[in-house]
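Hi,

Here is the structure I promised to pass on.

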Protein chains: 2
Amino acid sequence: MKRNSRLSAILHVILHMAERGKAMTSEELALCMQTNAVVVRRTMAGLREAGFVTSQKGHGGGWVIARDLRDITLRDMYDAVGAPEMFALGNRTETPQCLVEQAVNQALDGAFAEAEALIIERLGSVSLADLAADFHRRFAAHAQHGNSHHAT
Amino acid sequence: MKRNSRLSAILHVILHMAERGKAMTSEELALCMQTNAVVVRRTMAGLREAGFVTSQKGHGGGWVIARDLRDITLRDMYDAVGAPEMFALGNRTETPQCLVEQAVNQALDGAFAEAEALIIERLGSVSLADLAADFHRRFAAHAQHGNSHHAT
DNA sequence: TTTCATGTAACAACGTATGATACATGAAAC
DNA sequence: GTTTCATGTATCATACGTTGTTACATGAAA
């Protein structure tokens, strides 16, 4: 099944923006992500509406982070990209007449709901600042081994 | 995203088979599931290979459950349908060069892996007999309210 | 007024799940 | 033995969501 990678993509993008520290254009971000500028704008739209980033048209324009990274959690990002359906597995029929299927759905829904709550909770407990710190650790370790590129 | 409903479907089917108590043809099962007999055979193939059901060609043939329902868990069924990918969310790149993306992937993978383990554990703790019992409770409650059909 | 950048609609490409058709194989009934 | 019923399986059709691309409008700075 084709998996939705917007959350992954947007986290990647916003951390790059944080490293850069000044406005970045959709074109630049698209280059980071090996994708298209329009795709970047489309995905970033949610973050802009939620107030996590701002965008500016014209010369010197582009995208800027509007909040402290410590105040943005992965859950915020998940919500900002539209809180897409988390599971690839689903019920055959959502509101079945069949009592057999009702029993099946309840059993599966229970398991999935619990797991979703767990994920949401975990995403809520990690801030972008935490992720950035993790990256800096990796970068330091990487540099020690003689390799210094961290682009894309 | 289009969700994979094979686990849901196969549970529905096998509980109907348990209720019936004798061989059921793919055609009959397809009717229960409002789908096609070929789809039923395709999905049941995994269960047959795993030894949970047997199939017989010719007159009086069809599908029969080969084990005690108490000895089959929902996890067995999940594995038997090929243990399909559970999550609709995924990483943009699975083994990225970019250190930023490595940090992102690890954060997301951790959350998802934990949730997947939780689901697997829950599926393993529920047997088909449990599901059947749940259905019987529903059926009894339903019958009390004057409605007696439970088909499909 | 030109250039740069976002905003957005519309369409194409691709992958996966599911449905449908066709035909081969095997087992029971007659 | 031939007919009928049923599975086994390959192949194609359909539907749908994600992602990529093109085109054009809008707004801001040079």
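Let me start with a question: which residues in α1(B) meet which residues in α6(B)? From α1(B) they are Leu11(B), Ile14(B), Leu15(B) and Glu19(B), and their partners in α6(B) are Leu128(B), Leu131(B), Ala132(B), Phe135(B) and His136(B). Sorted by class, this contact has seven nonpolar residues, one polar and one charged. As for the geometry, helix α6 covers residues 128-144 of chain B, and its axis comes within 11 Å of the α1(B) axis, crossing at roughly 75°. That angle makes α1(B) roughly perpendicular to α6(B).

Before you go further, bear in mind that this is a predicted model.

**The other neighbour in chain B**

Helix α1 of chain B runs over residues 6-20, and it also packs with helix α2 of chain B, residues 26-33. Here the angle is about 120° and the axes are 10 Å apart, so α1(B) is oblique to α2(B). The crossing of these two helices is right-handed. On the α1(B) side the contact is made by Ala9(B), His12(B), Val13(B), His16(B), Met17(B) and Arg20(B).

**Across to chain A**

The α1(B) helix has a partner in the other chain too: helix α5 of chain A, residues 99-124. Their axes come within 9 Å and cross at roughly 135°, and the two helices are therefore oblique to each other. This crossing is right-handed. Val100(A), Glu101(A), Val104(A), Asn105(A) and Leu108(A) are the α5(A) residues involved. They meet Leu7(B), Ser8(B), Leu11(B), His12(B), Leu15(B) and His16(B) in α1(B). By class, that contact divides into six nonpolar, four polar and one charged.

If you click on Leu11(B), you'll find it in the α6(B) contact and again in the one with α5(A).

**The whole interface**

Zooming out, how much area do chain B and chain A bury between them? It comes to about 5,200 Å², with 66% of it on carbon and sulfur atoms. Chain B puts 54 residues into the contact and chain A puts in 55. There are three salt bridges between the chains. One to look at is Glu114(B) with Arg122(A), where the closest N and O atoms are 2.2 Å apart.

Cheers

Note on methods: Residues numbered from 1 in each chain as written. Chains lettered and ligands numbered in written order. Predicted model: local features only at pLDDT ≥ 70, side-chain atom pairs only at ≥ 80, totals over all residues. Heavy atoms only, no water. Axes fitted to C-alpha atoms, helices over the stretch in contact; angles between N-to-C directions. Helix = DSSP H or I, 4+ residues; strand = E, 2+ residues; numbered from the N terminus. Parallel < 35°, antiparallel > 145°, perpendicular 65-115°, else oblique. Left-handed = near helix turned anticlockwise from the far one by under 90°. Contact = heavy atoms within 4.5 Å. Buried area = accessible area lost by both parts, 1.4 Å probe. Salt bridge = Lys/Arg side-chain N within 4 Å of Asp/Glu carboxyl O. Nonpolar A, V, L, I, M, F, W, Y, C, P; charged D, E, K, R; others polar.
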